[in-house]
Amino acid sequence: LILRLDLNVPLSEGKIIDDFKIVSAIASIRQFRSSPLIIISHCGEPKLKAGTYTYIPDYSLAPVVARLKKSLKGNIFLAKGSWNELRVQSKKLVAGDIMVLENLRFWSGEVNNEKDFAQNLASLADIYINDAFAVSHRRHASVVAITKFLPAYAGPLLKQEVRHLSYVTRKHPLTLI
């Protein structure tokens, strides 16, 4: 199962300044943890060269993984490498394991909504759940293109945000310009 989360937390010198998004995601992670779980997210907006994978330490999800380990027990690790290496790692996962894929925005295919990138991402699991409301408006591969290759569902945080917005807009209609 691939779980798209919004773990885009503010970092300073490799330290998390505000962990609200991580804490908010813990319930969703626990809900889906009976399956091998692959968490995907981004952190910041690294500048990349087109058509490449670029690891930029200041934008790594390593601090996020360290924070997740404080709240969750078990096998939780940061995964990076070639698509073949990532597929091998994903096949070794058992129920309760959490593989956090390194920052999606290290691949130019993510922000360009590239089909090949989405197919590679989809090859890691058999179901996709989007629980990242904050990025759901973006035409990125981990939000849009991946849904062409896997059964896709809304996660509990995403559903909650939609319910809250629906309630507010019904009670207080907005005019957006």
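**Notes on the predicted model**

1. Let me start with N113, which counts as buried because its relative accessibility is 18%, below the 20% cut-off used for that class. This is a predicted model, so please read the values here as computed from it. N113 sits in the loop between α4 (108-111) and α5 (115-122). Its phi is positive, about 55 degrees, although N113 is not a glycine.

2. A negative phi is what most residues other than glycine have. With that in mind, have a look at E13 too: this residue is not a glycine, yet has a positive phi of about 50 degrees. E13 belongs to the loop between β2 (11-12) and β3 (15-16). At 80% relative accessibility, E13 counts as exposed.

3. Now to the sheet. Six strands make up an open sheet with parallel pairing, in the order β5-β6-β4-β1-β7-β8. At the edges are β5 (76-79) and β8, each of which pairs on one side only. From one strand to the next, the twist averages 25 degrees.

4. Within this sheet, β4 (residues 37-40) and β6 (residues 98-101) run parallel and are joined by three bridges. L37 stands opposite I98 in β6. Helix α3 (residues 83-91) lies across β4, β5 and β6, and runs at about 160 degrees to β6.

5. Finally, the surface: F133, V162 and L165 make a nonpolar patch of about 240 Å². Of these, F133 lies in the loop between β7 (128-130) and β8 (152-154). F133 counts as partly exposed because its relative accessibility is 33%.

Terms used:
Residues numbered from 1 in each chain as written. Predicted model: local features only at pLDDT ≥ 70, side-chain atom pairs only at ≥ 80, totals over all residues. Heavy atoms only, no water. Patch = residues over 30% accessible without salt bridge, like charges linked within 9 Å, V, L, I, M, F, W, Y side chains within 5 Å. Areas by Shrake-Rupley, 256 points an atom, 1.4 Å probe, with all protein chains shown as cover. Salt bridge = Lys/Arg side-chain N within 4 Å of Asp/Glu carboxyl O. Helix = DSSP H or I, 4+ residues; strand = E, 2+ residues; numbered from the N terminus. Buried < 20%, exposed > 50% of the residue type's maximum accessible area, 1.4 Å probe, protein only. Pairing = 2+ DSSP bridges. Axes fitted to C-alpha atoms, helices over the stretch in contact; angles between N-to-C directions. Contact = heavy atoms within 4.5 Å.
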